Amino acid sequence: MMAWTWLARRILSGTIALLAVRTAAAQAPANRWQQPAAELAGQIAGILGPGQARLSVRNLSTIPADQVPAIQALLEQDLKAHGVQSSGMESASSIRVTLSENLREGLWVAEVIQGSETRVTMVQVEAGAPHAAAQAKSGLMLRKQLVMETKQPVLAALETQTALVAVEPEEITVLAKDTRGWHEAKDFDVGGKRALARDPRGVISADGNGDGFEAFVAGMECSGSFAGGAESALATCHESDDPWPVFPPVPEPGAAGNPASIKAFYNAARNYFTGVVTPAIGADLPPFYSAAVLPRPAGAALLIGGIDGKVQVLDAGALRTVSGTRDWGSDFAVLDSGCGAGNQVIATGSGEAAGDSLRAYELPAFDAVPASAPLAMDGTVTALWSAADRKSVMAAVRHASGDYEVDRVMALCD
Amino acid sequence: MLWRCATSFLLVSAALLAWGRTRPHYGGTLRVEIAEDPWQRPGGIARRLVLDGLTRADASGATQPALAVDWNSENQNHRWQFKLRPGVHFQDGSPLTPIAVVASLNTACPSNCPWSAIHAVGGSVIFTGDEPMPNLPGLLAGDEYLIALTITSEGKPPEGVIGTGPFQVSGFLNGVLTLAANENCWAGRPFAGTIEIRAHRAVRDQWLDWSVGRTDIVEVPPEQMRQAQQQRLNIVSSPPVTLLAVQIAESGSLESPLLRQSMALGIDRSALSNVIFQKQGEVTASLLPANLTGYSFLFPVERDLAKAQQLRGGITPPLLTLAAPGDATMQLAAQRIALNLREGGFNVQVTGDATQHVDLTLREFRLEGNQPQAALESIAGDAGLNPPPPGQGDMALFQSESEILGRYTLIPLLYLPRAFAVSGRVRDLRLNPDGSPDLADASLLDTARGDSSRGDAP
């Protein structure tokens, strides 16, 4: 039922990547217009028949003006192939092509005028959105890669070598990778009797073997395995009010054994965590939207984004407010970039700016210091989480159209 | 024309993009003032807060599931099966059943419906039609077909409006309709705890209340958008959603299509837009706005008085009446149109009384969604015209629209946006495809902190 389309646009790196994007952008238009130009020319020729006609093209769409001559050339070429010679001279027939568009697609309309009679034909043109390359101007540079696109909201996702597991409000979808990227292999109903949430949230984490997962959405818990490959993945879900694993274990330098994950209780009727965590950490936490464990020289610190808008860090059993977070939104995640202090907090913007963005910050003490320029996103960031290896963060982004994409955001050391 | 459309989109996009960076908070009371009735059809602000449809239109115009989770057609679109979402309850606790849906739709549409018959079968609702119904899923997203409880579990008609939507009616006192959050809404509990809608409030009073912080959301009529912008009001504006058109009676002295065509050519749309609506309207000669179709430029909007007089052929019909129900702006617009028509050789008198027989009526048609074929069928239905022949694709749509316009009984003039001024405590306010504010997804900034006064504390 779901219309998944997956792309794996992996930009190579740094300058090469930017050059590749620019080259592709320059080459794309001519190829893109060939099919609709041929289709429209065929329809015009079907009305007009062989002969001469005066062709004019006007642009009422968002197609850049510098691409219109190329489109006109394609139309002339295709008309000629159908026996219609485009002539600049006065002709009994004329063809007026308008490059237009509507909410859903481009629309090229031809008015074929023969004497006093005007006949109309039109073709749809697939809408295409230009994607801007990531840019940064100081410190480390954030860069994003598109992992997948979907019609459904993605609340969280787990990417491994063999499978990509996407958590949606009502489904868990397992995707397999082939040469073209990720494609849907299996999906599982989350089920449950609870009403949907208006600001739905979810988490997913890998199991100890790395070939299974544990996922949570409001009131439901799912576990699954893709040990036999994504195509034969298994998953089961059941109702649960168990706490969610929102604080992944972070090994302490020199510490023995595997550190335990701290879990937090989620308010399934709202969009935040209650502040109650298990095991207890010796401090009362406020209700919060986001939390992360930030490795620091003196030991891992707990970072909390409260529903009151305050960002606080748990230090020596006491919560201390982090300054410099006025521009932060409600979501953040930690990235082990290896740049600068070694790790950064990637935070969403507060919404004061015109578009949504991500930005890296370092927290040397209790001040958030910007470590990158804002990275503009192609929509609204609806969820943000650290990848399993913490070398990147993943962002779910909702486009203005209502479609979603998941991006991987990495840092390049400057 | 397109740049204005693009501007509208930017405004809406800005609203869309504002969603979700700082997560929305729960609780608080959102105060709204409107000039109209909150329950009026179509477009009454309370309707989509309390009621849901089987389907809904998303921002791109695509039809999405709502109370129906799936649907399919058979027999060349003569039969449609809509499978209901399980586990949905009306606000009184009674379950949403196919029988309840059938009862609601039969009440909403007792005759001249897009379907011939409707039945409850298992967990589904079946629509059958004598004619193909290719656009039925899109039509069912319309305001007209929202699902309301018609019979309670005690077998009585409910007291007040009961639906499955995000808010439920909790009171009506001193002209204020109070809606409370539906905790068990299938689409999720809305963010605001309460909405207070003060209805039948004159726009100038709305603005006065807004300026002193007595309300959060007020209306900004198109002709006052410029003034509102100059006053730096925080405005959220929709794409063009209200069609202003003149409907011409096909009988009597205007029986001749040539006379009606002559009238269509004699109206100066640009002057109407510039003078009456302060350039906020999109001049149109098509029934659907440019952003929905992309081909509206094919219908010329220019006035051609010479051709109008030529088509009239020296015939001067007797005194014609032009009715303009509505506010003073509609009256002014009607006066302007009458002036244009007099210049074209027609003797037209404006009346505010639409109950008598009139030859012409200045009407507003509100787009309920942005699925173009469904929107065209809806306009044709509202105008009492035969629905256009069903078809798929842009060319079929253009042909349907051309056929309706070719009768010259409906003369499109302007497409107008809907706009609202929003206080600083409201965030994430988006507009529905019909231009109404989507209050279910709006939240309030000053409740952050959990709104303990309304039980929303963690």
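**Exercise 1.** Which residue in S16(B) is the bridge partner of B:Leu320?

Solution. Strands here are DSSP runs of E with at least two residues, and helices are runs of H or I with at least four, numbered from the N terminus. The partner of B:Leu320 in S16(B) is B:Val348. Next, zoom out: strand S15 (residues 320-323) of chain B pairs with S16(B) in the parallel sense, over four bridges. Pairing takes at least two DSSP bridges between two strands.

Before going on, note that this is a predicted model, where local features need pLDDT of at least 70, side-chain atom pairs count only at pLDDT 80 or more, and totals for chains, interfaces and linings use all residues. Residues are numbered from 1 along each chain as its sequence is written, while chains are lettered from A and ligands numbered from 1 in the order in which they are written.

**Exercise 2.** Which strands stand at the edges of the sheet in chain B?

Solution. Start with the order: six strands of chain B make an open, mixed sheet, S14-S18-S13-S17-S15-S16. S14 and strand S16 (348-351) of chain B each have a single partner strand, so one side of each lacks a neighbour in the sheet. Those two are the edges.

**Exercise 3.** Is B:Arg232 buried or exposed?

Solution. First find B:Arg232: it's in the loop between helix H6 (225-230) and strand S12 (235-237) of chain B. Now count: 7 C-beta neighbours inside 10 Å make B:Arg232 exposed. The cut-offs, with C-beta atoms placed from the backbone, are 20 or more others within 10 Å for buried, 12 or fewer for exposed, and partly exposed in between.
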